[in-house]
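This report is meant for a reader meeting the structure for the first time. It begins with charged side chains and then turns to the fold as a whole.

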Amino acid sequence: MSTTVHESNGVEQGVGLTALLVAAARAIETHRPDALARDEYAEHFVRAAPACADWPVRPDEVPDGDADPLWGRLGRYFGLRTRVFDDHLQDRAETGTRQFVLLGAGLDTRAYRLPWPSGSTVFEIDQEPVLAFKQHTLGSLEAAPRARRVTIAADLRRDEWPHALLEAGFDPARPTAWLAEGLLLYLPAAAERRLIAAVTTLSAPGSSLVYEVKEGIESAAVRNSATYTAARERIGVDLLALFDPDPRPDSATTLTQHGWHTTTHTPFDHTHRFATNLHPEPHDALSTNRWITTTHQPPPDTATSGQ
């Protein structure tokens, strides 16, 4: 069964449209023989949105393959990001974490597709139109989550989301794995600072946070690169207009100062590990992307299992 969503609900506008872009990329990745991640639900989101009716959802629908700057190269980037962040959450689950928070969850279906241990809860926070569209589409497929799933409609640019999370049953005394995939790039700097402060306040020892940022200022050549141009001209997603223009906070340093162990990687650091052909290029729109993993270390001899 298919579903439709009208532009008036906000899903096909602004940052909501980028969620559909990522869903299309995950759909294409899913059908690759060498897929880094598989999401059987992704193409259903794309097909349910009228604005995406002509978007590809399979590799054979991308004429130039990996050479295509949008559905090839950028799409492969999203596939790699999905796999790396999947692995992080699964690693945390294997070490005993049972509480997970997806900040700016978008059309993320990890609650449905990852093999969560018994007793796991996945909290999803995003704006109401996006969550409603996702629930309607998944409901039409009779999809069932593999963990307890709790959705929270909130604007992460504002201050009320921590209270809403607590009201939904989040336990700050338990270790938590937080994920902010493709979120901080769009937040005002002040909102990012508040979010990092809230995560720190709500995190028990043994918690982790993985997130994505852009580092530094992109040159004019990068801003005019084929990736940004293709997204704007071919599918109407002006990523540069959506990225917040303010100087970015150094959230990694802030977390380190508050007792978190922090590591920073470029996407290309994972190229050899996953045998993908994603490599740096001249004037690369991916050159300033950073994936940051942080762990709130428990004090000596007081490790928390999360159970």
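Across the whole structure, which is a predicted model, a search finds 26 salt bridges. Side chains of opposite charge can pair when their charged atoms come close.

| Pair | Closest N to O distance |
|---|---|
| Asp 66 and Arg 32 | 2.8 Å |
| Arg 81 and Glu 181 | 3.2 Å |

The salt bridge of Arg 81 with Glu 181 connects helix α3, where Arg 81 lies, to the loop between β4 and α7 (189-202), where Glu 181 lies, so parts that are 100 residues apart in sequence are tied together. Both Arg 81 and Glu 181 are buried. Through shared partners, salt bridges join Arg 81, Asp 86, Asp 108, Arg 110, Arg 113, Glu 181 and Glu 212 into one network.

The secondary structure around these pairs can be described next. The chain comes to 12 helices and seven strands, and an open sheet of seven strands, with mixed pairing, has the order β3-β2-β1-β4-β5-β7-β6. At the edges of this sheet stand β3 (148-153) and β6 (260-265), and each has a single partner strand, so one side of each is left without a neighbour in the sheet. On average, and with direction ignored, neighbouring strands of the sheet are turned by 15° against each other.

Within the sheet, strand β1 (residues 99-103) and strand β2 (residues 121-126) run parallel and are joined by five bridges, and in β2 the bridge partner of Gln 99 is Thr 121. Helix α3 (residues 69-94) lies across β1, β4 (176-180), β5 (208-214) and β7 (289-296), and runs at about 5° to β7. Another helix, α9 (residues 226-235), has as its buried residues Thr 227, Tyr 228, Thr 229, Ala 230, Ala 231 and Ile 235, and just after α9, Gly 236 takes a positive phi of about 75°.

What do the overall dimensions show? For 307 residues, a compact globule would have a radius of gyration near 19 Å, and the chain has 19 Å, which agrees. Taken along the principal axes, the C-alpha atoms fill a box of roughly 55 × 45 × 35 Å. Of the 307 residues, 57% count as buried, and the accessible surface of the chain comes to about 13400 Å², of which 51% belongs to carbon and sulfur atoms. Among the contacts with a separation of 6 or more, 77% are accounted for by residues 24 or more positions apart.

Technical notes: Residues numbered from 1 in each chain as written. Predicted model: local features only at pLDDT ≥ 70, side-chain atom pairs only at ≥ 80, totals over all residues. Heavy atoms only, no water. Buried < 20%, exposed > 50% of the residue type's maximum accessible area, 1.4 Å probe, protein only. Helix = DSSP H or I, 4+ residues; strand = E, 2+ residues; numbered from the N terminus. Pairing = 2+ DSSP bridges. Axes fitted to C-alpha atoms, helices over the stretch in contact; angles between N-to-C directions. Contact = heavy atoms within 4.5 Å. Rg over C-alpha atoms; globule rule 2.2 N^0.38 Å. Areas by Shrake-Rupley, 256 points an atom, 1.4 Å probe, with all protein chains shown as cover. Salt bridge = Lys/Arg side-chain N within 4 Å of Asp/Glu carboxyl O.
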